[in-house]
Amino acid sequence: MPVNVEVPIEKWSGSIRQVTLGATAAEGGTRGHTVTVGGQTTLPFLGFEGKVPNRPVIAVEVRAVNPSEEWPEPLAKAWGAAMNDAAAWAKAAEAAGADLISLQLTTVDSAGKRMTGATARKVLRAVLNATGLPVIVLGTGQAELDNEMLVACAEEGVGERLVLGPCEDKNYRTIVAAALAHGHLVTAKTPMDVNLSKQLTVLVHDMGIPMERIITDPTTGALGYGIEYGYSVMERLRLAALQGDSMTQQPMIVTPGEEAWRAKETRAGEGVPAAWGEWASRAVNWEAMTAAALVESGADIVVMRHPEAVGRVKKMIGELMAA
Amino acid sequence: MALSGLEIYKLLPGGIKPPHPKANCKECGFPTCLAFAMKLAAKQAELSQCKYVSDESKAKLSAAAAPPIRLITLSADGRKVEVGNETVLFRHEKTFFHPAGLLVRVPDTLAEGEIVALAKAVADYKVDYVGMALRLDGLAVEAVSGDAGKFAAAVAAVRGACTLPLVLVTEDPTLMSAGLAKAVGVTPLLCAATAANWEAMAKLAKDAKAPLVLRADSVAGLAELTQKVVAAGVENLVLDPAVRGFSGSLQVLTQLRRLALKKNFRPVGYPSITFPYLGASDLAMEELLAGQQIAKYAGLVVLGNFDPAMVYPLLVLRANIFTDPQKPIQVEPGVYPINKPGLDAPVLVTTNFSITYFAVANEMESSGLPSWLLVADAEGMSVLTAWAAGKFDAEKIAKTVKGTGIAEKVNHRKVVIPGHVAVLMGELEEELPGWQIKVGPREAVDLPRYLKTAW
């Protein structure tokens, strides 16, 4: 006998805010195109239940200065000489399938001297000239230096709808003010906690920046190093958003590339158990798996490092978006 | 879905309308039917204590008492794997109970030597992760050849090589029967019954007392098939929603889990099995699809290939997703000697989050450098998280240094704090007069190099 099955559909009252990164010439910037994320009315990729109008996107991390020894061989080899020059690196990232460039500022410049606003500004200009992709500019986490560099970058990129970050509870005012003054967006970063994330969104929004210009960074751990905390906080934020909690409805950005390439599994080629498998392929798998799990738990932007991992996660997202 | 005491009462002799002549007879040992119902709800009494409950009520009560997703066991003489019995859609709501079983496919077209080598490699694979031994759970022998003799020989070869639980994969009942005959000592999962072959497959499963996979490419098709097979006397079922790709697999597994948990829809109240290699274009994509299925609701995942570089991340992902969110894995606070430290060995401090501890301890152990590792009670949080939450501050670190009595074990007064909490240096110097506070690297992996140059 045929069975009548009625699949439970949740009637969500809320949805994720749509946020557009970058601005074309017509919009006051110089980007080749813009990238829009968010807008979902259901959990990740559940097309049977609601709308997923924009696919999650991949930002490729480009460093202001060659990280040299800091990046292990399988990663450094993938980018080669392009790492000597942020502009060349951004071009290579675009060719590798990046949807966005995430320019990671550094504490010292290529000569080993403390970075300055003027140097950061030059690097950003070179990257903007080299690529038509929308750009995210991330500081180092050192408040004084970040404020100097991000204010300079905000001025340099006026009208480009850059994303500036990270805004953290101890240091957000200067960054938000710079973003407000020059038409940019910000990321609001909190340490893996739903309530802290909401609070910071409120604080940042209270400075007058529209919700459509705030992206949440809930922080994550790498596979094997606490990813389950980030994963569950993201699922909880997404559920709260769909249930109508306004301060959790921002698109989410996370940095699986940075996290995964800190793990011993990606960094160590020798002196590890044979059961870990071959170094390069294990390392790329580690980043790809970390990023993939976060995309499945609700990430709208993943910042990644290895071009092969980028390709895989992009392909996965494409297949998840196919009806 | 468990019933409340009152809901149960309405099914007992005293609660039905009109009441049974034996209502409140006390023969069960309780003063009233309502009191008995409350005990039943609290699982402190058995329904069999009531002689007068109707068959109709019995059926309703036993159905309600059954878990919404049936627990299925694949057993062998050496190991077993249990899947199902899940109660939530999101791990933060409670926890995921039974880690998805990870199995490796063995096509019967391989040469006997290759089969034996593969079976042994899978059975022997073991990797240590924060003190847990992670392993694969079984093998899925598939009758690719279409030849009964070859399939039987492959099953026999696998059985000779290891004691892992098995899945036998063929839709041909004749082949299945040949394979089953060689699976002595294990209760294999038979895979699969379809709309076309279910009668013969159900008979094989029933005779062998083996669990059976039902395969259909729609939820309705699966529900229809389970009802037929249950009526034929096979109750231990696993569902194969034959939708293979990323999008289809995520959606159908979500629908099955929701139907079982939210609607208590019995016909799909069974764990599922997936074959990520059938939905992925290559090995790299197979790994990501397998990861998705581990996180989103598969009970058993059959990998098409065995490669340690692929298996290790999957096993770690499974361990992470199936960790009970209420109980972060912690280590005991205290002092841990590494590589037989002496009076002049460095003193390092970190938190008692297991992953943090193991990251530091593993680095130090493998470096061969002796050291004293002080583990502070940071309520099971990592360095940065604990610092942000005020559980790893100067006071806590000072307390750890003093409380462990490390001063009597070393002839120096230097302690290394994690680079992530460099800001605590000044405060800590005040809390620990006479001690020199050194700021170590942010990541454990950089510790050996740091100690060689900066200690």
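Student: Why is A:E70 called partly exposed?

Tutor: A:E70 has a relative accessible area of 43%. Buried means under 20% relative accessible area and exposed over 50%, with partly exposed in between (1.4 Å probe, protein chains only). The value of 43% is therefore in the partly exposed class. This is a predicted model, in which local features need pLDDT of at least 70 and side-chain atom pairs count only at pLDDT 80 or more, while totals for chains, interfaces and linings use all residues. Residues are numbered from 1 along each chain as its sequence is written, chains are lettered from A and ligands numbered from 1 in the order in which they are written, and side-chain values use heavy atoms, with hydrogens and water left out.

Student: What makes A:E70 and A:R63 a salt bridge?

Tutor: Their closest N and O atoms are 4.0 Å apart. A salt bridge is a side-chain nitrogen of Lys or Arg within 4 Å of a carboxyl oxygen of Asp or Glu, so the pair is given that name. A:E61, A:R63, A:E70 and A:R305 are linked in a network of such bridges.

Student: Is A:R63 buried or exposed, and how do you know?

Tutor: A:R63 has a relative accessible area of 11%, so A:R63 is buried.

Student: What makes A:R262 and B:E443 a salt bridge?

Tutor: The N to O distance between their side chains is 3.1 Å, so the pair meets the rule. This pair crosses between chains, from A:R262 in the loop between α8 (256-260) and α9 (264-267) of chain A to B:E443 in the loop between β17 (436-439) and α16 (447-454) of chain B. Helices (H or I, at least four residues) and strands (E, at least two) are DSSP runs, numbered from the N terminus. A:R262 is partly exposed, because its relative accessibility is 29%.

Student: How many salt bridges are counted between chain B and chain A?

Tutor: The count is 5. One salt bridge joins A:E10 to B:K262, with the closest N and O atoms 2.8 Å apart.

Student: How many residues of each chain are in contact?

Tutor: Contact means heavy atoms within 4.5 Å. By that rule, 55 residues of chain B are in contact with 55 residues of chain A. On the side of chain B that touches chain A, 31 residues are nonpolar, 14 polar and 10 charged. Here Ala, Val, Leu, Ile, Met, Phe, Trp, Tyr, Cys and Pro count as nonpolar, Asp, Glu, Lys and Arg as charged, and the others, Gly among them, as polar.

Student: Why is A:Q40 called buried?

Tutor: The relative accessible area of A:Q40 is 6%, so A:Q40 counts as buried. A:Q40 is in the loop between β2 (35-37) and β3 (57-63) of chain A. Not counting residues up to four places away in sequence, A:Q40 touches several residues, including A:S15, A:K51, A:R238 and A:D300.

Student: What makes the approach of A:Q40 to A:D300 a polar contact?

Tutor: The two side chains make this contact at 2.8 Å. A polar contact is a pair of N or O atoms within 3.5 Å; within protein, one must be able to donate a hydrogen and the other to accept it, and residues adjacent in sequence count only if both atoms are side-chain atoms. The distance of 2.8 Å is therefore within the limit.

Student: How do you know that strands β5 and β6 of chain A pair?

Tutor: Two strands pair if DSSP finds at least two bridges between them. Strand β5 (residues 135-138) and β6(A) have 3 bridges, in the parallel sense, so they pair. A:V137 stands opposite A:L164 in β6(A).
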